Amino acid sequence: AIERAIKMGACNIYHGCVHNMLHEKSEEILKALYKAASFVVQAIVFKQSGNYIKHQSQLLQVASAEEQMIINTFLKYKNGEVVDFNEASKMLFEWSKKRIYVSIHIH
């Protein structure tokens, strides 16, 4: 079930990124996609460790470097910091694409 949640989350984020980069170009949509990605990272860490980590700051200590970039960007949005839309969109798109690839090729 956890692997399915990770795959579905990554697929939804990927689709949202594509639509947002091509059509909407909305900072609010990107922020929401990063929030969703933070939940996927929580699921990834739970799958790897068996521990549910609620707080993003604690998640940063155990997540991979790539997932740390996702959490850090989400925290910037959450704290009202300026985030480069194009760079953040590309990073999230590439991350979600990789997560989909990994989830397809695990089995």
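1. Cys17 is buried, its relative accessible area being 1% (buried means under 20% relative accessible area, exposed over 50% and partly exposed in between, with a 1.4 Å probe and protein chains only). Cys11, by comparison, counts as partly exposed at 28% relative accessibility.

2. Before going further, please keep in mind that this is a predicted model, in which local features need pLDDT of at least 70 and side-chain atom pairs count only at pLDDT 80 or more, while totals for chains, interfaces and linings use all residues. Residues are numbered from 1 along each chain as its sequence is written, and side-chain values use heavy atoms, with hydrogens and water left out.

3. How many disulfides does the structure hold? There are zero disulfides, a disulfide being a pair of cysteine sulfur atoms within 2.5 Å. The sulfur of Cys11 has its closest cysteine sulfur in Cys17, and because 12 Å lies between them, they are too far apart for a bond.

4. Helix α1 (residues 2-24) and helix α2 have axes that come within 9 Å and cross at roughly 160°, which means that α1 is roughly antiparallel to α2. Here helices are DSSP runs of H or I with at least four residues, numbered from the N terminus; axes are lines fitted to C-alpha atoms, for helices over the stretch in contact, and angles run from 0 to 180 degrees between N-to-C directions. Angles over 145 degrees count as roughly antiparallel.

5. The contact between these two helices (heavy atoms within 4.5 Å) includes Ile6, Ala10, Ile13 and Cys17 of α1, and Leu33, Ala37, Val40 and Ile44 of α2. By class, the contact of α1 with α2 has 14 nonpolar, four polar and three charged residues, where Ala, Val, Leu, Ile, Met, Phe, Trp, Tyr, Cys and Pro count as nonpolar, Asp, Glu, Lys and Arg as charged, and the others, Gly among them, as polar.

6. The axes of α1 and helix α5 (residues 85-105) come within 8 Å and cross at roughly 145°. Among the residues making this contact are Cys11, Tyr14 and Cys17 of α1, together with Phe93, Trp95 and Ile100 of α5. The residues of the contact of α1 with α5 divide into 14 nonpolar, four polar and five charged.

Notes
Parallel < 35°, antiparallel > 145°, perpendicular 65-115°, else oblique.
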